[in-house]
Amino acid sequence: MTESKTSEAQKKASKAYYEKNKERALMNNRRTAARTFVRHYATKEDMQNLIEIFNNENPNAK
């Protein structure tokens with residue numbers, strides 16, 4: 001079995017941060033997943049569809 005390079009103190013601190021900042025951590029995870037999809041898997045059709053959704057349905061587009 002391999003040992004983790006992360007100390008117990010760091011694991012505890014990370015868990016505490018996540019518990020204290022659930023909304024922000026969830027948003028960061030979603031943003032990372034979206035970027036990974038766009039960079040590695042999305043087709044041109046996917047991107048056109050995503051841009052259309054953003055422009056028509058996302059309140060942040062205005």
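A: Burial comes first. Of the 62 residues of the protein chain, 2% count as buried. The cut-off for that label is a relative accessible area under 20%. Keep in mind that this is a predicted model.

The overall dimensions come next. The protein chain has a radius of gyration of 17 Å, whereas a compact globule of 62 residues would have one near 11 Å. Along the principal axes, the C-alpha atoms fill a box of roughly 45 × 30 × 10 Å.

The secondary structure is quickly listed. The protein chain has 3 helices and 0 strands. Along the sequence, the pattern reads α-α-α.

Now for the close look: the contact of α1 with α2. Helix α1 covers residues 8-20, and helix α2 covers residues 22-40. Two numbers are needed here, since a pair of packed helices is described by the angle between the axes and the distance between them. The axes of α1 and α2 come within 5 Å. They cross at roughly 100°. An angle from 65 to 115 degrees counts as roughly perpendicular. Therefore α1 and α2 are roughly perpendicular to each other.

Which residues in α1 and α2 meet? From α1 come Tyr17, Tyr18, Glu19 and Lys20. From α2 come Lys22, Arg24 and Ala25. Sorted by class, the contact of α1 with α2 has 3 nonpolar and 4 charged residues. It has no polar residues.

Charge leads on to pairing. Side chains of opposite charge can pair when their charged atoms come close. The structure holds 2 salt bridges. In one of them, the side chains of glutamate 19 and lysine 22 meet, at 3.6 Å from N to O. Glutamate 19 is among the α1 residues in the helix contact, and lysine 22 is among those from α2. How accessible are the two partners? Glutamate 19 counts as partly exposed, at 46% relative accessibility. Lysine 22 also counts as partly exposed, at 44%.

Next, the pair within α1. The side chains of lysine 11 and glutamate 8 meet in a salt bridge, at 3.5 Å from N to O. Both residues lie in helix α1. They are 3 residues apart, about one turn of the helix. Lysine 11 is partly exposed, with a relative accessible area of 36%. Glutamate 8 is exposed, with a relative accessible area of 59%.

One further α1 residue is worth a stop. Serine 14 is found in helix α1. Its relative accessible area is 39%, so serine 14 is partly exposed.

Proline 59 lies in the segment after α3 (44-57). At 64% relative accessibility, proline 59 counts as exposed. Its C-alpha atom and that of tyrosine 17 are separated by 29 Å. Along the chain, proline 59 and tyrosine 17 are 42 residues apart. Tyrosine 17 is also one of the residues in the contact of α1 with α2. For serine 14 and asparagine 60, the C-alpha atoms are separated by 30 Å. Those two residues are 46 residues apart along the chain.

Technical notes:
Residues are numbered from 1 along each chain as its sequence is written. This is a predicted model: local features need pLDDT of at least 70, side-chain atom pairs count only at pLDDT 80 or more; totals for chains, interfaces and linings use all residues. Side-chain values use heavy atoms; hydrogens and water are left out. Axes are lines fitted to C-alpha atoms, for helices over the stretch in contact, and angles run from 0 to 180 degrees between N-to-C directions. Helices (H or I, at least four residues) and strands (E, at least two) are DSSP runs, numbered from the N terminus. Angles under 35 degrees count as roughly parallel, over 145 as roughly antiparallel, 65 to 115 as roughly perpendicular and the rest as oblique. Contact means heavy atoms within 4.5 Å. Ala, Val, Leu, Ile, Met, Phe, Trp, Tyr, Cys and Pro count as nonpolar, Asp, Glu, Lys and Arg as charged, and the others, Gly among them, as polar. A salt bridge is a side-chain nitrogen of Lys or Arg within 4 Å of a carboxyl oxygen of Asp or Glu. Buried means under 20% relative accessible area, exposed over 50%, partly exposed in between (1.4 Å probe, protein chains only). The radius of gyration is taken over C-alpha atoms; the globule rule is 2.2 Å times the number of residues to the power 0.38.
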